[in-house]
Amino acid sequence: MDQQVGTTRMAVVPATQSLGKRRARRFPVDGVARVVVTVAACAILVLLAAIFAAMYGDARLSMDQFGFDFLTSKRWNPAEGQESYGALSSIYGTAVSTALAMALAVPLSILISVFLVELAPRWLAAPMGTMIELLAAVPSIIYGMFGLFILKPILAESMGPWIKQSWLGQTFLFEGAPNGLGMLNAGLILAMMILPFLTAITRDVFLSVPRLMREAAYGVGATTWEVTRNVTLRYGRAGIIGACLLALGRAMGETMAVTYVIGNSNDMSWSLFKQSNTIASRMANEFMEATSRPLQLSALIELGFILLLLSVLVQILARAWMAWAAARTEGRA
Amino acid sequence: MKLRSPAWRRLHDRGVKALCGLAAGGGCALLFWILLIVYQRGSQSLRLEFFTQAPTPPLAGAAPGGLEADFDFSVPEAPTDQRKGAAAAPAATPPAGGMGNDIIGSLLMTVLATLLAVPLGVLAGFYLAEFGRHSWLASAVRFAANVAFGVPSIIVGVFVYVVLVRPWGGFSGYAGGVALAIIMVPIIARTTEDMLRLVPDTLREATLALGATRWQTTLLVSRSARAGILTGILLALARVSGETAPLLFTALNSWYWLDLSSPAAFHQSFSGPTPNLMNQIYLDTTSPETWPEQIQRGWAGALVVTLGVLAVTVPARLLFRGRTHDAR
């Protein structure tokens, strides 16, 4: 179709146009524009490929040195002469902090969406929705500072001891003394950061459920909660899972906020009170010192490469899942 | 399904409703709490000097170089008495100074990023919505833009370090601007496409039927999607103005002013470590507790950044909201 437009272009010229103007038009503006926009679009492809290539290229040194052990070892020793690096503790920290954030933020975002869509009157729902979305605009460094200066004392002095005294304190999840920094703080901060993102998508999913279905359920006498659980959530399940995957990708790569609060230690522990590190926080912390040490730099870049692969994988999964879910819903309708 | 008594169901429903209200209220309260903290702590040292002065380095007497070596991002050692004496030496300046140089550096890097990213992103969006559409290349680019959108910003920083900073021999404002631009491009491309897609195809058909070229059609269509495209650009701008991670290893930081006296001098100073708000805030707020002036200065910087980001985000949202209501 595009080609057709190209050829008919010259034939249809408004009668008012002079021959000279028509000649001047011969400069192939359209052809040039086509080339320019195509190049711009391809630049994105090239950029993404370049990111992969550059990260892989610089990770090679560490890959050759440590091989597969890099993934299974938790050593991280930058001491001169006995350098040895493994990604396990960072991967573990990333996984646990992300899982904790998801466990806190997903139910919360569903509750908020129910309130915004089903319960709140319009005059309240709109500004509240905006406020929660604005949480996403707050820079991540502010969350980090909030975690370090506000949440840390709270965790160390009131919430931590309180958890310690309850039955939870006896479980392996809360071993050791709470000092405010560590996995729990990072999980809380990450949950705050992905909450607006999750809520925005969950709310859209809720709104996409046909009114008729919800009203039919209300019509047979279901309560608001029953409608939400049995109709809205079931109908929107696919969309919400997609939202969770996207939020997961975000939480994994979050750097500054986590760097402030996770404590940046190489320990691996079940306890959420213990300090830890994530892939991103380790990179933020050690990259500058490592610029003069090729092996450590390469190990950090390999860590980054792992993070890149993980987040791209999650992203692809999320998109594929959402496309599949959309196709299925369409087929059903 | 289990049969429950109506009373139980009503009670249960009330409980869940209350929880929902609490959660929503809590979410909003969280925003106010964060903003309140930033305002309270930041406004204390936000005086005029904050905008007109450069930060005083912690060891003012001992840091003449201002090169990379001064910016070890690991937590600095607590000052010994001797060092405290050195820091107090230049008594003419207040203990902490301001972040004027950082504000200018951040603004210039953001401008550079915008100049690079807006044409590229908007043109790519044109391709996706108007020229490519359903072609395999368009699908591939769309996919790449989505993936690039999900690449953690610290990875972008490392990427720019590897391809620009290291081979070109140093940290620079240019590298920082490029890193921010890389984050902006996919956002702008995708929102531009989405906004163009909102324009009904009948407009395109009408324009093409009148003999307009594809490019003329695109310009016309983009005129009706103007507000949406601008919103996308503003949101991308807001997002990168709060980014720290991509600047850590690209722009680094500097205690000094950029030299704006002539283009050549500017190029010279922008080619070296460039002052920027985010890294200065990070450095200041991770100082040991024995340096309260610096932590104070960090909070003031945080207030400025937060206000700046909100000042871009809120109008962008209002702009778009107003627009969609018109369209309905």
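Q: Does Arg133(B) count as buried or exposed?
A: This is a predicted model, where local features need pLDDT of at least 70, side-chain atom pairs count only at pLDDT 80 or more, and totals for chains, interfaces and linings use all residues; side-chain values use heavy atoms, without hydrogens and water. Residues are numbered from 1 along each chain as its sequence is written, while chains are lettered from A and ligands numbered from 1 in the order in which they are written. Buried means under 20% relative accessible area, exposed over 50% and partly exposed in between (1.4 Å probe, protein chains only). Because its relative accessibility is 18%, Arg133(B) counts as buried.

Q: What is the phi of Arg133(B)?
A: Arg133(B) lies in the loop between α4 (100-132) and α5 (136-150) of chain B. Most residues other than glycine have a negative phi. Arg133(B) is not a glycine, yet its phi is positive, at about 50°.

Q: Which loop of chain B holds Leu252(B)?
A: Leu252(B) also has a positive phi, near 55°, without being a glycine. With a relative accessible area of 0%, Leu252(B) is buried. Its place in chain B is the loop between α11 (245-248) and α12 (263-270).

Q: How many helices does chain B have?
A: Helices (DSSP H or I, at least four residues) and strands (E, at least two) are runs numbered from the N terminus. By that rule chain B has zero strands, and its helices come to 14.

Q: How much area do chain B and chain A bury between them?
A: Contact here means heavy atoms within 4.5 Å, and it takes 87 residues from chain B and 84 residues from chain A. Buried area is the accessible area (1.4 Å probe) that two parts lose on being put together, summed over both. Carbon and sulfur atoms carry 79% of it, and the total is about 7,600 Å².

Q: Which side chain meets Arg166(B) in a salt bridge?
A: A salt bridge puts a side-chain nitrogen of Lys or Arg within 4 Å of a carboxyl oxygen of Asp or Glu. The rule finds three across the interface of chain B and chain A. In one of them, at 2.8 Å from N to O, the partner of Arg166(B) is Asp58(A).

Q: Which helix of chain B gives the most to the side that touches chain A?
A: The interface of chain B and chain A has three salt bridges. Giving 21 residues to the side of chain B that touches chain A, the top contributor is helix α1 (residues 6-43).
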